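Here is a friendly note to read alongside the model. Take the points in order and keep the 3D view open as you go.

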Amino acid sequence: MVLAVSYRLIPGGPPNVRYADIARDLEARGLARPSLAEVRETVLKIRRSKSMVLDPGDPNARSCGSFFLNPIVTADALAAIDARAAGLSMPRWPQPGGHVKLSAAWLIERAGFTRGQADGPVGLSTRHTLAIVCHDGARARDVAAFARRVRAGVEQRFGVRLHPEPIFWGSSSLD
């Protein structure tokens with residue numbers, strides 16, 4: 001639950017595009033200097049493609065959203081993860097201080113989980129493995145149990161412990 005948000009915006013200011021998917025889409029559309037409205041349109045298009053825009057006609061509409069944070073690891077940890085990846089080409093993004101950000105979705109998929117895979121009333125989105133979705137009868141404990149299973153699978157396969165993006169209240173935490 002979001003209780004408050006603060007923004008520092010410059011009226012009429014240029015958009016600050018730092019997300020790779022957004023930059024790619026804008027470039028493909030030939031928009032070197034996009035307006036805020038064009039960036040908004042691109043963000044909604046990308047989020048909709050991942051079932052992360054409220055749409056009653058989408059089977060993934062009851063999404064818990066991007067569930068796990070992309071892990072940031074040290075260079076030493078990355079070497080061990082690469083060894084466990086056994087030659088798979090893992091996406092990565094350099095971070096300050098010699099750290100590297102990895103794709104949680106990529107790790108989840110390579111740990112054997114597939115888009116649309118379900119366990120009872122909870123499963124992964126059919127469009128994006130990072131999103132956990134609820135089906136009829138799902139409860140918070142079902143979401144937490146499924147998330148624990150995904151996290152354990154990634155940890156077993158790659159030695160990476162995924163951390164949830166949502167903050168849990170009550171007894172449905174992953175620990």
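**Notes on the model**

1. Leu 9 sits in the segment before α1, the helix of residues 20–28. Together with Val 2, Val 5 and Tyr 7, Leu 9 makes a nonpolar surface patch of about 520 Å². Patches are made of residues with over 30% relative accessible area and no salt bridge, with nonpolar side chains (Val, Leu, Ile, Met, Phe, Trp, Tyr) joined within 5 Å and like charges within 9 Å. A salt bridge is a side-chain nitrogen of Lys or Arg within 4 Å of a carboxyl oxygen of Asp or Glu.

2. A word on the source: this is a predicted model, where local features need pLDDT of at least 70 and side-chain atom pairs count only at pLDDT 80 or more, while totals for chains, interfaces and linings use all residues. Residues are numbered from 1 along each chain as its sequence is written, and side-chain values use heavy atoms, with hydrogens and water left out.

3. Now the whole chain: it has five helices and seven strands. These are DSSP runs numbered from the N terminus (helices are H or I, at least four residues; strands are E, at least two). Starting at the N terminus, the order is α-α-β-β-α-β-β-α-β-β-β-α. The C-alpha trace spans about 45 × 40 × 30 Å along its principal axes. Of the 175 residues in the chain, 33% are buried. The accessible surface comes to about 11100 Å², and 54% of it belongs to carbon and sulfur atoms; such areas come from the Shrake-Rupley method with a 1.4 Å probe, and for residues only the protein chains shown count as cover.

4. Which residues of α1 are buried? They are Ile 22, Asp 25 and Leu 26. Seen down the axis of α1, its buried residues fall within an arc of 95 degrees, so they line one face of the helix. (The arc is that of the directions from the helix axis to the C-beta atoms.) The face turned away from that buried side carries the exposed residues Arg 24, Glu 27 and Ala 28. Just after α1, Gly 30 has a positive phi of about 70 degrees.

5. Leaving aside neighbours within four places in sequence, Asp 25 is in contact (heavy atoms within 4.5 Å) with Thr 42, Lys 45 and Ile 46. The cover over the buried residues of α1 includes α2, residues 36–49.

6. How many aromatic pairs does a search of the whole structure find? There are two. Phe 67 and Phe 68 form an edge-to-face pair, 5.2 Å centre to centre with 75 degrees between the planes. Rings of Phe, Tyr and Trp (its six-membered ring) pair if their centres lie within 6.5 Å; planes under 30 degrees apart count as stacked, over 60 as edge-to-face and the rest as tilted. Phe 67 is buried at 2% relative accessible area, and Phe 68 is buried at 2%.

7. In the other pair, the rings of Trp 106 and Phe 158 have centres 5.7 Å apart and planes at 45 degrees, so this pair is tilted. Trp 106 lies in α4 (residues 104–110) and Phe 158 in α5 (residues 140–158), so the pair ties together parts 52 residues apart in sequence.

Key. Buried < 20%, exposed > 50% of the residue type's maximum accessible area, 1.4 Å probe, protein only.
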